[in-house]
Amino acid sequence: MNLPPRPGVFMPSGGRPEPVTAGPHKALFLDRDGVINVDRGYVHTAGQTQWMPGIFELCGAARDAGYALIVVTNQAGIARGYYTEAQFEDYTRWLHGQFAERGVPLLATYYCPHHPVAGTGAYHVQCDCRKPRPGMLLAAAKDFDLPLGECVLIGDMPSDLQAAVAAGVGTARLLGDLPPHPADLFAGLAPPDNPAP
Ligand SMILES: [Mg+2]
Ligand SMILES: [Zn+2]
């Protein structure tokens, strides 16, 4: 039996995902390189990490509007052998810690370690998780029982938006197209307090 390749997932708790029942029941999906950190190509150490301006404020606005924070990132550097999944997970643990320290904890990071052309070994595969395909978003929705139509994705590449559309994510934006005050994006999506009759 040939199982389809699955995205990797890092959750701070480790092990099985806990469904988002008590907390937010929708998510802000964030691309990583070019959204969270400056995209210098295959970033995988703390020393290479430079935060994108305003990222923690953006995450705080999403948190305040009731969105859980989930990272979805293509990691062809694993497929290419530039770093291992274990190194990536160590770095991701550090990155989650940085967000937690700032009061905007990340729920999970989904990553695609594959590449259809440049991958080595088992990573050399056409998968459904490498954006623009929707596999990471669909896996997160399944793990956390998320209504994708109420979720938001922020990326920096057309492939991020294509993945969102393919998965049925309700709102997808490029980072450069956000309103000057990120809270305005989420406020505009909230249902009105007094819906018109
Ligand atoms: Mg990116
Ligand atoms: Zn993949």
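Which residues does leucine 137 touch, not counting residues up to four places away in sequence? In this predicted model, leucine 137 touches Phe29, Val72, Leu148, Ala163, Ala164, Ala167 and Val169.

Let me place that residue in its setting. Leu137 belongs to the largest nonpolar core, which has 49 residues. Together with Phe29, Leu69, Ile70 and Ala140, Leu137 is among the residues that touch the most other members of this core. Helix 4, residues 135-144, supplies the largest share of the core, namely 7 residues. As a general point, nonpolar side chains in soluble globular proteins tend to be buried together.

I turn now to the chain as a whole. The secondary structure amounts to 6 helices and 6 strands, and from the N terminus the order of elements is β-β-α-β-α-α-β-α-β-α-β-α. The chain has 197 residues, of which 39% count as buried. Among contacts with a separation of 6 or more, 68% are made by residues 24 or more positions apart.

Next, helix 3. This helix covers residues 85-101, 17 residues in total, and spans 24 Å from its first C-alpha to its last, close to the 24 Å expected at 1.5 Å a residue. Phe88, Thr92, Leu95 and His96 are its buried residues. Viewed down the axis of helix 3, they fall within an arc of 100° and therefore line one face of the helix. The face turned away from that buried side carries the exposed residues Ala86, Trp94, Ala100 and Glu101. The cover over the buried residues of helix 3 includes strand 1 (8-10), helix 2 (76-79) and strand 4 (108-112). After helix 3 comes glycine 103, with a positive phi near 80°.

Helix 6, residues 182-189, can be described in a similar way. Its buried residues include Pro182, Leu185 and Phe186. Because they cover an arc of only 85° around the axis, these residues lie on the same side of helix 6. Asp184 and Gly188 are exposed, on the face turned away from the buried side. Helix 1 (55-64) is included in what covers the buried residues of helix 6.

Finally, consider helix 5, residues 158-167, in which proline 158 is found. Is proline 158 buried or exposed? Proline 158 counts as exposed because it has 11 C-beta neighbours inside 10 Å, and the cut-off for exposed residues is 12 or fewer. Between proline 158 and arginine 173 there is a separation of 15 residues in sequence and 9.5 Å in space, C-alpha to C-alpha.

How values were computed
Residues numbered from 1 in each chain as written. Chains lettered and ligands numbered in written order. Predicted model: local features only at pLDDT ≥ 70, side-chain atom pairs only at ≥ 80, totals over all residues. Helix = DSSP H or I, 4+ residues; strand = E, 2+ residues; numbered from the N terminus. Buried ≥ 20, exposed ≤ 12 C-beta atoms within 10 Å, placed from the backbone. Contact = placed C-beta atoms within 7 Å. Arc of directions from axis to C-beta. Core = buried A, V, L, I, M, F, W, Y, C linked by C-beta atoms within 7 Å. Expected span 1.5 Å × (residues − 1).
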